[in-house]
Amino acid sequence: MATEIRIPDIGDVEHVEVVEICAAPGDEVAPDDALIIIESDKASMEVPAGASGVLTSLAVAVGDAVTEGDLIAVIEVAGSAAGPTDEEQAGDVPAEAPPEVSEEHEPPAAAVATASATPEPGPSSTVEIRVPDIGEAEDVVVVEVAATAGQRVGEDDLLVVVESDKASMEIPAGCSGTVLEMHVTEGVAVTEGTLIATVEVEGTTAALAPPPGGQGAGPEAVGTEALRSAEAPTLPSPPAAQPAAAAASEPTAAKPSPGSRIYAGPAVRRLARELGVDLALVKGSGSRARIVKDDVKAYVKDAMSGPVGSAPARSASGSGIPAMPEIDFSRFGPVETRALTRIRAAGAANLQRSWLNLPHVTQHDEADVTELEAFRASLKDEAERRGVKITPLAFIIKACCYALKKFPTFNASLDAGAGSYILKGYYNVGFAVDTDEGLVVPVIKGADQMGIWELSEAVVDLAGKARDQKLGMDDMQGGSFSVSSLGAIGGTGFTPIINAPEVAILGVSRLAVRPVWDGAAFEPRKMLPLSLSYDHRAINGAEAGRFVSHLCELLADIRRLSL
Ligand code: CAO
């Protein structure tokens, strides 16, 4: 059954703008999934699908001016026997929209107090600015505090931005004066009536009307504008007038003064918070300098590629990388906090350091190990007699030593200034071992001097020590190249992180039998996926390609290991 989704009641506003499209035809949507985001001068709101099904068509585009009842989209509701209600058929509300919509026809509390503020000459007085009617919205938090104590504000100057799961709203001062105190900070939860700020209205007697019905606030409280979240989809009215101060504070690349306006929808604000981006520093490319997701992404890109100390970088953490926001996940469901083991924490720091400092590229290839596997199988009885487990890893380490000798820049480190290679005349191969405590990388010293039996013994011995937490510092130092084998686990390829200050690491995935064309017919061959990550400062792509090709040749014909 096809259901038409239309623009819900948007209060007194005649038209709102579609600022974001959140779903595309063909998408499966749930009732709570946002289809579009609409925005008036003062608030933005996600319009949810209101029904489960597949989005068959979208009738709006970014930039469209829409009004109540306009068609947004058509959803093919899966397996629904129930027909739409009369209201839905009339297009008043999306199917399954919450019942609160029946209240929509009341004029929103929006701007009532603001509009009725008629300052008259007289002595100063203190006005309390409180959170206005926020409809049925729950979990409303302050996401931005835009004014500070001592700041002069105009009626329309922004004090805070609050946000629920579905909508965000700017709360302006609603009167002119000096902020005496801001009573909220970013991240605090607020409800209707929560005290936001106290403002001294100078030289006037503030004849400000109480909020409608006297709800929540005292006689001097200024009701500003109602936030109706998507659960009660009503957008507040635009302000009666735009004071000159607000017009002068259009966002620019430089941080605007507190109180100036940031136009951004909830999805954009959420993205900015996730990336640790201060929206005040982002230049909006939308209408009225509204910030869209692409602006935030472009800002992050600039910050990452710009010179250290450039304006965007200064706003980020010391390393120039935007800090990750701290999120209270318990807001979304039950959580458990578990400390990282010492090994995992140390590994995490090393991996991050390598990932951030070394430009990683991964070269993928496949080695035909059919003959190698046949040879390995033929050693089974002897291996049992010797009490040694022989896996492909020993052959791979052996082949790596050969390849490293042929391509010495892979068995190297870069000096601190990255002006020269430090080529190593030893072949110490580390291999990643997965233990209960985390990942460790013991090193087989002088691996090039060992035969397959010796290498197999070394792997078993060091892996056992690693799992029993018996490795000494010496067992883990002095590596010149590393191998990370996930072959026993599975996968067809991955991006191993270089064990810096080494310059390359070989990832090994699970071998599989594949049909390989031999020029006349398809032959079943055992193919071993290899993934070589390398530091692109030290190694060119062509060199990496040659290194892996050579490795594949060696593994395809292990007689070459004796040449
Ligand atoms: N394809 C198919 N099978 C493979 C294989 C591959 N590439 N590599 C190993 N196998 C097989 C082995 O032959 C063995 O089979 P049998 O018991 O039938 O002989 C089985 O898988 C188990 O091998 P293993 O894991 O005991 O031995 P290994 O030498 O292959 O690996 C070690 C040893 C220590 C590297 C491994 O146990 C390990 O910890 N791997 C995880 C490494 C890791 O976490 N890497 C990710 C790090 S992040 O970059």
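Modeller: Among contacts in the chain between residues at least 6 apart in sequence, 66% join residues at least 24 apart; contact means heavy atoms within 4.5 Å. This is a predicted model, so local features need pLDDT of at least 70 and side-chain atom pairs count only at pLDDT 80 or more, while totals for chains, interfaces and linings use all residues. Residues are numbered from 1 along each chain as its sequence is written, and side-chain values use heavy atoms, with hydrogens and water left out.

The chain has 12 helices and 29 strands. These are DSSP runs numbered from the N terminus, helices being H or I with at least four residues and strands E with at least two. Of its 563 residues, 47% count as buried, where buried means under 20% relative accessible area, exposed over 50% and partly exposed in between (1.4 Å probe, protein chains only).

Now the ligand site. The ligand is surrounded by 21 residues, each having a heavy atom within 4 Å of it. Thr-391, Arg-467, Ser-484, Ser-509 and Leu-511 are the closest. By class the shell has 11 nonpolar, 5 polar and 5 charged residues; Ala, Val, Leu, Ile, Met, Phe, Trp, Tyr, Cys and Pro count as nonpolar, Asp, Glu, Lys and Arg as charged, and the others, Gly among them, as polar. Helix H10 (392-406), strand E23 (433-435), helix H11 (452-467) and strand E26 (481-485) each supply at least two residues of this shell.

Polar contacts here are pairs of N or O atoms within 3.5 Å; within protein, one must be able to donate a hydrogen and the other to accept it, and residues adjacent in sequence count only if both atoms are side-chain atoms. A polar side-chain atom of Thr-391 is 2.6 Å from an oxygen atom of the ligand. The side chain of Arg-467 places an N or O atom 2.8 Å from a ligand oxygen. Ser-509 takes part through its backbone, with an N or O atom 3.0 Å from a nitrogen atom of the ligand. On its own the ligand has 960 Å² of accessible area, and the protein covers 72% of that; such areas come from the Shrake-Rupley method with a 1.4 Å probe, and for residues only the protein chains shown count as cover.

E29 holds Ser-533, which counts as buried because its relative accessibility is 0%. The Ser-533 side chain reaches the backbone oxygen of Pro-496 at 2.7 Å. Leaving aside neighbours within four places in sequence, contacts of Ser-533 include His-360, Val-361, Thr-495 and Ile-505.

The loop between E26 and E27 contains Pro-501, joined to Ala-500 by a cis peptide bond with omega about 10°. In the loop between H11 and E26 lies Gln-469, which has a positive phi of about 55° although it is not a glycine. Gln-469 counts as partly exposed because its relative accessible area is 49%.
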